[in-house]
Structures are given as C-alpha cells and as structure tokens.
Amino acid sequence: MAHIITFGSMKSRAAIRDVGRVLDIPLYEVDAIAKLIPPDSDDLEDAMKKEPALKDMIASKSEFGELMKAGQALEGLPRHASTHAAGVVIGDKPLSTYLPLYSVKEGEVSTQFDMKCVESIGLVKLDLLGLRNLTVIQDALTLISGQGQDAPDMSRLKLDDELTYQLLSRGDTTGVFQLESSGMKEILVKMKPAVFSDVVALVALYRPGPLGSGMIEDFIERKHGRKKVEYLAPELGPILKETYGVILYQEQVMKIAQSLGGYSMGSADDLRKAMGKKNMEKMAEHCNIFVSGAVKNGISENIARDIYGQMEYFGGYGFNKSHSAAYALIAYQTAYLKAHFPVEFMAALLTSAMAHPDDVVKFIAECRTAGIEILPPDINESEKRFTVIDGRIRFGLLAVKNVGEAAIEVLVEERENNGRYLSLFDFCERVSLAKVNKKVVESLIKCGAFDSTGAERAPMMAAAEDALSHGQTIQRERADAQMTFFDLEETQTTINAPVLPDIPEWSEKQRLTFEKEALGFYVTGHPLSNYRDQLARYANADSVGIREMKDKAHVIIGGTITTVNRKRTKKDLLMADISIEDIYGPLRVIVFPTLFKLVADLLVEDAPVFVEGNLEKSESAVTLQAERIVPIEKASEAWQPSVHCTIDTEITTREMLSELKTIFDENAGTCKGFLHLVSAGKQETVIALPETLKLSPGTVLSDRVEALLGYKSVRAGCQLLPGAEQWGQKRKPRRNGFRGNGGKRF
C-alpha cells in the first residue's frame, strides 16, 4: 500500500514569475505582468487576447518578449511533486513489482505514477476521506448518554422522522452536514423534503452543473406536482420514479442502458464513463448500440434516440448515487440530532470547531438564536471539551488560549479527587504549578473561569502573581518530609494566604475585551448586544452570509471597528484599511481617500458603525469597498428603513398569508413594507404594502416571519435620506427605484 503522487503544473502566472526570477527582471515589473494575466485565461496566448494591456506591455521591452516566450514554453509542465490528499493504492504484491516508488519522508512512501497511470496498470485506487462530522455525531451521542438519556442508535434511525423533516424544510441547518450553506438552505425551504430520497437527491443536485442547467427547479416543480412527470417509455417509470422523471444519478443511466438497450453491467459502466467525461466519439458509438438494443426490446427508433438524448444531456451532470446516499445519511443523522437533541449537538459542534474561531463564533450565534445558553469556562465545571449541564452548554477549557492539555488534565484530576476549588489561592495551592503557570492562570481569570469562586476578575488578576508564589510555598512545605505544626494536608483552610486587593472591577467593555483576548471571541456578552434591533432594521448582510453573496453586491453591514490601518496612496492621499466585526466574525473594509476625508474621525477602534458599500470577491477573500460609514446611533438620520418579505407563491398557502397579516398587524410601525412574490422560472413581482400597514422592523418581526416563511425570507432595505452626505459620497439615484436588499431593483 502507498500514497499516490500528484504533480503541480506550471500555471501561467507562476511560469512568468519563475522565468522572470531567472532572467533577473526586476520583481515589480514581473509582478505587474503577472497581475495582468486574467484568472480565467486558458494559457498565456489566450491571456494576451483577453487583456490588450498585457500584449502592449510585452511589446514594450525586448526582455519582456523573451520572458513571455520562455513562459509559454514552460507553462503546463510539472513544477513540483506532492501527495494526493486522499488517494491510496493497494496491490496484492509489493508495489515495487508493479511501479516505481518515491520516498516522501521517513516512513511514508508514494507512487511515482499519478492516479490515472496507477489505474491504467490495473492497481486498485481508493480515496479515503476523513469527515469531522462523524466525530461530531459520536461526541453528541456521548453527551446524550452523559445526561442520563438513551442515545439513539444511528445505524437504526427511522428515516421518516417528522421533526427532522420539519427542521430541514425550514432551512434550520447550520451545522448539518452538506446542508448548511445559504444557497442550500434556500433550496431546502423550496423543496420541503419529506422522504429520505429527497435528501439524497438534494446532495446530488447542489453542484455547479445541475444548478446552472435548471435541474433543481425542474425537480422541485415535479416533486410538488406543479409540473407533470412524463416518461418517454413505460420502462423508465420504475427507474426514474424516485427522482420524479429527472435522470439524476449515474446508476440510473446504467439501469436504463441495461433495461432498455440490453447492455451488460460492464458495457453500461463504459457508457457512464463516456458520458461523465464527455467523450464525444465513444458517446456516438454508444448511441447506435443503445438504439439498436432498444429497438430489439420493442421501443421505436425515434423514442430510443430521444431517450438516449436525455441520457446524454443529464448524464453529463450525473452523480454517483451511492456517494450521494452515504453523504445524505450523515446529513440526515446530524439533522436528526439537531432536531431532537439540539443542546448536545451544538456542544459537539463547538468542540469540533475549537481550532477554528470563525466557526465557533458562528455556532455560538446559532445557539443564541435557538435560545441555548452558553456558559463561560469554569474551573469547577468545565472539562477539556464542551459539555452540557442542566440544558446549557459549558465551554471546554481547551478553547482557552495558553491553556494546554497538560494543564487541563492536572486541573480536572485534582478537582475530581479533592473537590471544588474554593478560591484562586486554593487553586494555586492544589494544582501542579509545573504544568499550570502564570499565563495559564491569567487566561483562566480573563475568560471568567474563576467566577464560580465568588471573586471579581480585576482583583484576582492583580493577585495572580502573589497567588502563584503562595502556592509554590505551600507545595514546597508539603513536599518537605519535616511537616510544620499545621498539617497542611488535612486542613481545608488556607494558612497565611494573601488577600485579594480592594480594587474596582473591570468595566463591561474591559471584561469583554479580555474575554475575547483569552478565547478569540465573546461569550458572556457582545459589544453589539445593545444594537440588535438597529442591526435587524438597517443591515441587509452579516459577515457569514456576505461570503456567499455575489461579487459587486451592494450591502449595509453593522459592526464594531477592530483595527484601523491608515495608508497613503501613490498620490500621497490618506486612505484606510480597517476591519469591522459583527456578532459572527470579522470583515475587511477599504476606505478610499474621498470617503476617508469625510469619516476619518469615526475610524476609531471599538466604535460601532454601519458600513455601506460594494463587495469585492476573490477566490480567497471578501472585501467591502466602503462608500458610506455611519455611527450606529445615527443610522436613522442616514436611511429610511423598509421591510422586504420574500414569498414563494408556489408553496405559500392562504393560511400562511393570513398568519403573515397577523404578524404584520402585531408589529405595526412607521416603515414601508414590500412583498416580493417569487416562483421558479418566473419574474419577481414586488407589491408595496398600503400606508395603513406600515411595519416596525427588528428581531421580533424577523424571527416570526422567518419561522413562518423560511430562511432569510425577511431582509432590510434602506432609502438614503437628505443630509446623509456627511458620512459618504452622494450616490447617483437609480432610474428604476431605490437601492436596498443587496442591490436589487424594486
């Protein structure tokens, strides 16, 4: 058995940079050329066709021409060798009898043939994938059992659980395997899965090919009976029934070839491969074979050709059903746990995300939305991982910075053997100070882990060094064979312990700052907690959802400024590169010179602001180019908010509309409301609510409407008010309406 080698090829930009280094062309010139190469170009020749500026620059110097010529000769060639992320090869004899091997590092061997060559010589290649979600499931089951409940048997779950399908249908799938992206949530709300085969189909459908081809809309329309399911031949019925007549899986292509075209299993697999790889020559050969076989089975030639045409079209997007079913099962299992054991499931998710602060922030926000209380770390209750105590989630100590596993182990072991820690001094007397040092103690104080001892954080922090010195003295005396008059091993009272200084406790702002410093995120509160209603009223995006929005989308997002880096442009004008953070995480914001002049005084760390601007997306980053920055408390002077509700006309009932009217009546206010009526394949229709039905935007309205209509069915829209120019440039009005809701025209 061995790993499989992969070869990194010389891409266009890499080729230019490597050759430029060898030719001693100045780095800034090479970099300027490389940046002109369009990301979507096939090769350097194609790049010059797409980007005239690149062609002109190459022509400007003879050495640039030499650079391009050498780059074209090298691009596409192997540049370096690495190891396939998941592939392994297995043989019945030592692999060196079949192919050359390569020593990657000590104890690790790789093939010298890549995966295609390995397959072509007849060896078995496997892809082994590790899924963090399997550990999440196991951890959740352990937590359920630890609460004295009967943990469900994941291998025997009923696949018709009503609560699980309700959770999926309302798009409440944050943390659910494969189903937690915003696009997937929107499709779940439209599809309303009711059987396991719908979940299997959804995993197969949510890929670029089917998304672009309209297969998802076709599937949903047929599922809900709005489009008739028709079969070109009766024999297709049993094969395509579960996917409502849509050819979705590779196995269906193979079964049609067998049942109608008389193919053997091996021949059907050849057809599947030809369609998947779009091998036109082989597909043309198979067309004649299939049609002649179908005619022998009593199907007319014209219908047989139509069936093959459908197979050919959908086969290019076909997905392996066994793979989809396996993933769908894990998706269903995680959804089941979230529906029936939400606290234990979220605790397991948080444990899995401890090394990824952005995910922890996202899951903490999800817990707050679901009404699950998150408790800070505690020296008297916390374990290494996140745990569940009385229906609440207690932070795991491993999430605290500077607190390693060795320190946690001695802390927990001492507590289990000798009971709760009574104070900071008691703690320092009892734990091994070889494992628990000053950094550990200070991090535990900052995150609130000592709060259960009854003391305030500021005095404990001031006394930390004295407490450690006192603990070392006590532990030295205990280790001394000559015991003192007072038997320190048997008494529970601390002898000659220092006293906590009488100093004021930290302010809430300072407490939260230290908490974030120790954990990487806020737990007991958030600087934006007091602005929740303003955020719901004016912001149409957050730092998580913004990453799935389209490039150039127009957004308003609220957050606190965390960093401000002032810079000078080539024209010696001041600008700023800042970072803002909402309750979900950080976002980079660029403030160009024109705007910087207007808002420089607002760019202060910890200031709560709204930023309006346009998204700039690349493969690795999302940046907001600001055109307006407004203090949160001044938002009502900058924008007139409005409420926009999206209604899917094909799944919304009269009863739901009646309930929506009741919600509107109970949340009456002064803001305009708009209904966006949408249906698959049809143009969006927008209806303005009458003046007698104005609304009060905020979390109460949003939560109730989303519970009724589904994920992200409520969005904020904002119309600029006169006088808002003090916080940003005056924007040209749109001809067809005003901006809001991510830049859509109303």
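## A buried aromatic pair: Phe395 and Phe521

Phe395 is buried, and Phe521 is buried too. This comes from a predicted model. Line up the two rings and their centres sit 5.8 Å apart. The planes meet at 40°, so the pair counts as tilted. That angle falls between the cut-offs: under 30 degrees is stacked, over 60 is edge-to-face.

The Phe395–Phe521 pair links distant parts of the chain. Phe395 sits in the loop between β8 (392–394) and α21 (405–418). Phe521 sits in the loop between α25 (508–519) and α26 (532–538). The two residues are 126 residues apart.

## Other aromatic contacts

The count of aromatic pairs comes to 13. One of them joins Phe219 and Tyr244, with ring centres 5.1 Å apart. Their planes stand at 80°, so this pair is edge-to-face. Phe219 belongs to helix α12 (residues 215–223). Tyr244 lies in the loop between α13 (236–240) and α14 (250–261). The pair therefore ties together parts that are 25 residues apart in sequence. Both Phe219 and Tyr244 are buried.

Ring pairs also build a cluster. Its members are Tyr165, Phe196 and Tyr332.

## The second largest pocket

The second largest pocket has a volume of about 550 Å³. It is lined by 14 residues. Closest to the centre of this pocket are Glu119, Lys125, Arg272, Lys273 and Lys277.

Two elements give two or more residues to the lining of this pocket: β5 (124–127) and α15 (265–276). Helix α15 supplies the largest share, five residues. By class, the lining of the second largest pocket holds eight charged, four polar and two nonpolar residues.

## The cavity

How many cavities of 30 Å³ or more does a search of the whole structure find? The search finds one. The largest cavity has a volume of about 40 Å³.

The lining of the largest cavity consists of Tyr249, Gln250, Val253, Arg272, Met275, Gly276, Gly315 and Gly318. Helices α14 and α15 each give two or more residues to the cavity lining. The largest share, three residues, comes from α15. Helix α15 likewise gives the largest share of the lining of the second largest pocket.

## A four-stranded sheet

An open sheet of four strands runs in the order β16-β15-β14-β17. The pairing is mixed. Strands in a sheet pair through backbone hydrogen bonds, in either a parallel or an antiparallel sense. The edge strands are β16 (685–688) and β17 (714–720), and each of them pairs on one side only. From one strand to the next, the twist averages 30°.

In which sense do β14 and β17 pair? Strand β14 (residues 639–648) and β17 are antiparallel, over seven bridges. Trp639 stands opposite Leu720 in β17.

Conventions
Residues numbered from 1 in each chain as written. Predicted model: local features only at pLDDT ≥ 70, side-chain atom pairs only at ≥ 80, totals over all residues. Heavy atoms only, no water. Phe/Tyr/Trp six-rings, centres within 6.5 Å; stacked < 30°, edge-to-face > 60°. Buried < 20%, exposed > 50% of the residue type's maximum accessible area, 1.4 Å probe, protein only. 1 Å grid on protein atoms, 1.4 Å probe; cavity = no way out; pocket = protein on both sides within 12 Å on 5 of 7 lines; lining within 4 Å. Points joined across faces, edges and corners; volume = space filled by probe spheres on them. Nonpolar A, V, L, I, M, F, W, Y, C, P; charged D, E, K, R; others polar. Pairing = 2+ DSSP bridges. Axes fitted to C-alpha atoms, helices over the stretch in contact; angles between N-to-C directions.
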